[in-house]
Amino acid sequence: MTQSIAPPADLPLDSILPDEPLLLMGAGPVPVSQKVATANTVVINHLGDTMNQVIERVRLMAQYVFQTASPHILGVAGPGSAAMEMAITNLVWPGKKVLCIQNGFFSGRLAEMATRCGGDVDILRCEDGEGVKLEQVQQALAEKQYDVLTLVQGETSNTVCNHELADVCKYAHEQGLFTIVDAVCTLSTMPLEMDAWHVDVVITGGQKGLASIPGVSLIAFSERVWPYMMDRDVNMPHWCFDVRLAKQFWEEKGYHYTAPVSGILALHEALRQVCLETLDRRFNRHRLCSQALQQAIEAMGLSLYVEPHSRLNSVVGINLPDGVEGKQLLNTMSQLYKVEISGSFGLPIVRIGQMGEQSRAHNLFRTLHALGMSMKSCGGNVDLPAAMAALERGLDRSSALTA
Ligand SMILES: *Cc1c(COP(=O)(O)O)cnc(C)c1O
C-alpha cells in the first residue's frame, strides 16, 4: 500500500515561474545563450565515442581559456564550491601549511575547506574593500613556510579584485608554494594566464564568467602539481573529488561516476563562444561595459563600494543611499521591471553582474533604467536621465561592442 500523500502534481511549473523570464543581472547565475540552453537539453551516453570527442574538445578549448598547456583539465559535477573542494581536498591534508588570502566571503570559504581537510591554516585578512598587496604576502611567507597559497581573483561578495594576483602567484611559485586561484566569477572576463603566472590550480564554475549553466564546473591543474597529487600516500577521504579517480574519466575515457553530460555539452558551447569571440575581445567588452555602467551609476548620483584601485569589473557593488532599503529595491526591480540584481552578504550594497551576456549594451540600458526607476520609487533621489546619457557615452566609445 502506498501512503496517501498528496503531491502537487496538478500544478505545472508555469504556476510558479514568472510569465516573463527575469533578466538575470545579478552575481550569478547569468543568462545563457541559446546555443548553451539548447545543448543543455541533450542527453547522450556518458561513455563512448561521442562523449570522448566532446571531452577532448572541451579540454582543448579550456586550455585556451585558462591559458595553459597543461592537459590536466577536469570537469566537476557540482557548483563552483565543488571545484573549490576538489582543489583543496587534493592539495591539503593534515600537516600541510596553508596560507589563505581572505578578501571576503568566497576566499574565506577556501580557508574553511582547508581547515576541514586538516590543514594548518593561517588567514591573511585584507582590509575591507582592498585587494591583497604583494608586500603583505612577502611578509607572511618570510615569517613562516607554507605548502599552499589560496586566493580569489575576483571576490564576488564585496566586488574586490586582487589586481596583484599575477605578482603574488609568481612570488609564491618562486618560494616553492602551490597556488590555488578561485576564478569562478572572473574566468574569461579578465586576463588570467595560468602558465605565465605560475598558477597551479584554477577553479571556475559554470554560471558566472563562463556563462554556462550552474552545477557543472571546470578545474585546471598545472603539470607541476599533478605528480604531488598522484603520489599522495595519505588517505584521501573524498571519493568523488579524488583526481586520481576523476582522471579515469577525463583523461582515460573510462568510468568514474556518470558525468553530467548535458551540462558538459552546455559548457562545450559556452567555451566555444569564448573561443570564437577571442579572449582579448571578450576582456575588452567586459571592461568597457563595466566601466560604462560604473560611470553611469555615478552620474546617477550613487557611489560605488570599492575604490578604483581594488575594484572588480565582473561584479559592480553599489552603495545603497540613505533611506533606500535593499530588499524593497530588488523586489521593485524584479516585479515591475523584470530585472534581477543581487543584494549582498550583510553589506549595505547591491550588486550588478558583468559576466558573459550581462555585458551587452541592451542589457545594460534596461538594467540601468530599472535601477533608476526603482531607486526613485524606493525613496532614492537619483538623476536617471544623466545616468542614461553617461551610459550611452560610455558604450559609444567602442565599436568592439557591436561585434
Ligand atoms: C559564486 C562563487 C563561488 C561559489 O560558486 P557556487 O557555484 O555558488 O558554489 C566561489 N567563488 C567565487 C569567486 C564565486 O563568485
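How many residues of domain 1 are in contact with how many residues of domain 2? I counted contacts as heavy atoms within 4.5 Å. I found 31 residues of domain 1 in contact with 25 residues of domain 2.

**Ground rules.** I am working on a predicted model, where local features need pLDDT of at least 70, side-chain atom pairs count only at pLDDT 80 or more, and totals for chains, interfaces and linings use all residues. Residues are numbered from 1 along each chain as its sequence is written, and side-chain values use heavy atoms, with hydrogens and water left out.

**Domains.** I took the bounds from the domain assignment, which is automatic or from a database. Domain 1 covers 34–276 and domain 2 covers 278–402. I put their centres, taken over C-alpha atoms, 28 Å apart.

**Interface.** I looked up the buried area, meaning the accessible area (1.4 Å probe) that two parts lose on being put together, summed over both. Between domain 1 and domain 2 it is about 2100 Å², with 59% from carbon and sulfur atoms. I then searched for salt bridges (a side-chain nitrogen of Lys or Arg within 4 Å of a carboxyl oxygen of Asp or Glu). I got 16 residue pairs across the interface, both residues at pLDDT 80 or more.

Which elements supply at least two residues each to the domain 1 side? I listed helix 2 (49–66), helix 4 (105–116), strand 6 (154–155), strand 7 (160–161) and helix 9 (261–277). Helices (H or I, at least four residues) and strands (E, at least two) are DSSP runs, numbered from the N terminus. Helix 9 gives the most, with three residues.

I noted that the unreviewed UniProt entry places "domain: Aminotransferase class V" at residues 44–339. Such annotations may be inferred rather than shown by experiment. I read 42% helix and 16% strand over 44–339, with the end C-alpha atoms 34 Å apart.

**Salt bridges overall.** My search of the whole structure gave 13. One joins Glu56 and Arg59, with the closest N and O atoms 3.2 Å apart. The two are three residues apart in helix 2, so about one helical turn separates them.

I flagged a cis peptide bond from Gly28 to Pro29, omega near 0°. Pro29 lies in the loop between strand 1 (23–24) and helix 1 (34–39). I also flagged Lys253, not a glycine, yet with a positive phi of about 60°. Lys253 sits in the loop between helix 8 (243–250) and helix 9.

Notes
Polar contact = N/O pair within 3.5 Å; in protein donor to acceptor, adjacent residues only side chain to side chain.
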